Amino acid sequence: VRPDGVVHLAAILSGQCEVDPALAFSINVAGTFNVLESARRVGVSKVVVTSSAAVLEATFPTPPLDEAAPLAPLGVYGMTKTIGEEWCKFYHRRFGIDARVARPGAVVGPGRVATGAASSWTTALIEQPLLGRPYVCPVAEDDSSTLVYHTDLVDGLFRLYRAESVPSRVYNLGACSASAGELARLVRERVPGASIEFRPDPIAGYVVGLWRYVVQDNRRAMHDFGYQPRFTSAAALVDACAAEIAELAIR
């Protein structure tokens with residue numbers, strides 16, 4: 001197999017990373033290195049790698065953060081993604097590989113509930129009540145996260161990969177930000193009486209607490225390869241998720 005390019009999505013997610021940093025390093029850091037080095041050895045010229053908005057941690061109010069914002073992750077997941085970004089930049093600088101990094105927000109979409117991500121509540125808080133199930137949210141009501149709907153992320157990755165050339169190595173692929181309380185309010189507008197309880201978990205609360213004030217500035221991706229998310233508010237994400245869940249139920 002001699003592909004023209006590789007899209008590398010594999011990773012240990014945030015909650016799992018805090019429990020097992022060694023596994024996180026093996027998959028997220030060494031795994032990304034292995035992809036880049038294999039590409040160099042067999043002559044693959046383009047590699048797209050997913051990082052994460054978790055590298056952009058802000059514990060106090062701040063303007064939207066662009067790709068030039070300083071990185072100082074406190075969580076294991078954000079640390080592994082920061083190192084992965086640096087390996088991509090190095091392989092571009094040293095070996096000329098067209099390594100392109102995408103930084104998604106927390107991904108919202110049906111079926112993401114059973115994952116090891118500390119941010120999986122962003123989907124579960126929407127999906128579980130819509131399916132008529134009670135939900136215990138592992139973060140506080142005022143904890144928040146940058147968000148992106150899964151179809152918008154796929155479109156952004158597709159555009160990033162297919163662009164003939166890009167002037168930057170790293171691109172934010174977010175859409176909006178919302179607190180857990182705001183998402184719960186929007187869900188209750190659709191499901192009056194929805195059983196949603198907030199019971200912060202130490203790991204999820206710690207990781208997500210570092211993202212509380214993060215808002216991604218996506219203008220670079222919009223300018224360089226036409227990234228334009230369709231769902232750019234918490235209400236739009238909840239509506240999209242509800243519509244997709246209903247469609248899946250019919251099938």
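I began with the lining of the largest pocket, where α5 gives the largest share, four residues. The model is predicted, and I read it as such.

**Largest pocket**

I looked up the volume of the largest pocket and found about 550 Å³. Its lining takes in 27 residues. I noted Leu13, Tyr77, Pro104, Val107 and Leu153 as the ones nearest the centre. Which elements give two or more residues to this lining? I listed α3 (76-95), β4 (106-108), β6 (144-149) and α5 (150-162). Next I sorted the lining by class: 16 residues are nonpolar, nine are polar and two are charged.

**Second largest pocket**

I then turned to the second largest pocket, which holds about 210 Å³ of space. I found 14 residues in its lining. Glu57, Ala58, Phe60, Leu65 and Pro70 lie nearest the centre of this pocket. By class, I got eleven nonpolar residues, two polar and one charged.

**Whole protein**

I looked up the secondary structure: nine helices and nine strands. The radius of gyration is 18 Å, close to the 18 Å from the globule rule for 251 residues, so I put the protein down as being as compact as a globular protein of that length. Along the principal axes, I read a C-alpha span of about 55 × 35 × 35 Å.

How much of the protein is made up of buried residues? I found 50% of the 251 residues. For the accessible surface I noted about 11,600 Å², with 56% of that belonging to carbon and sulfur atoms. Last, I checked contacts between residues at least 6 apart in sequence: 81% of them join residues at least 24 apart.

Definitions and conventions
Residues are numbered from 1 along each chain as its sequence is written. This is a predicted model: local features need pLDDT of at least 70, side-chain atom pairs count only at pLDDT 80 or more; totals for chains, interfaces and linings use all residues. Side-chain values use heavy atoms; hydrogens and water are left out. On a 1 Å grid over the protein atoms alone, a cavity is a set of points where a 1.4 Å probe fits but cannot get out, and a pocket is an open set with protein on both sides within 12 Å along at least five of seven lines; lining residues have an atom within 4 Å of a point. Grid points are joined across faces, edges and corners, and a volume is the space filled by probe spheres set on the points. Ala, Val, Leu, Ile, Met, Phe, Trp, Tyr, Cys and Pro count as nonpolar, Asp, Glu, Lys and Arg as charged, and the others, Gly among them, as polar. The radius of gyration is taken over C-alpha atoms; the globule rule is 2.2 Å times the number of residues to the power 0.38. Buried means under 20% relative accessible area, exposed over 50%, partly exposed in between (1.4 Å probe, protein chains only). Contact means heavy atoms within 4.5 Å. Accessible areas come from the Shrake-Rupley method with a 1.4 Å probe; for residues, only the protein chains shown count as cover.
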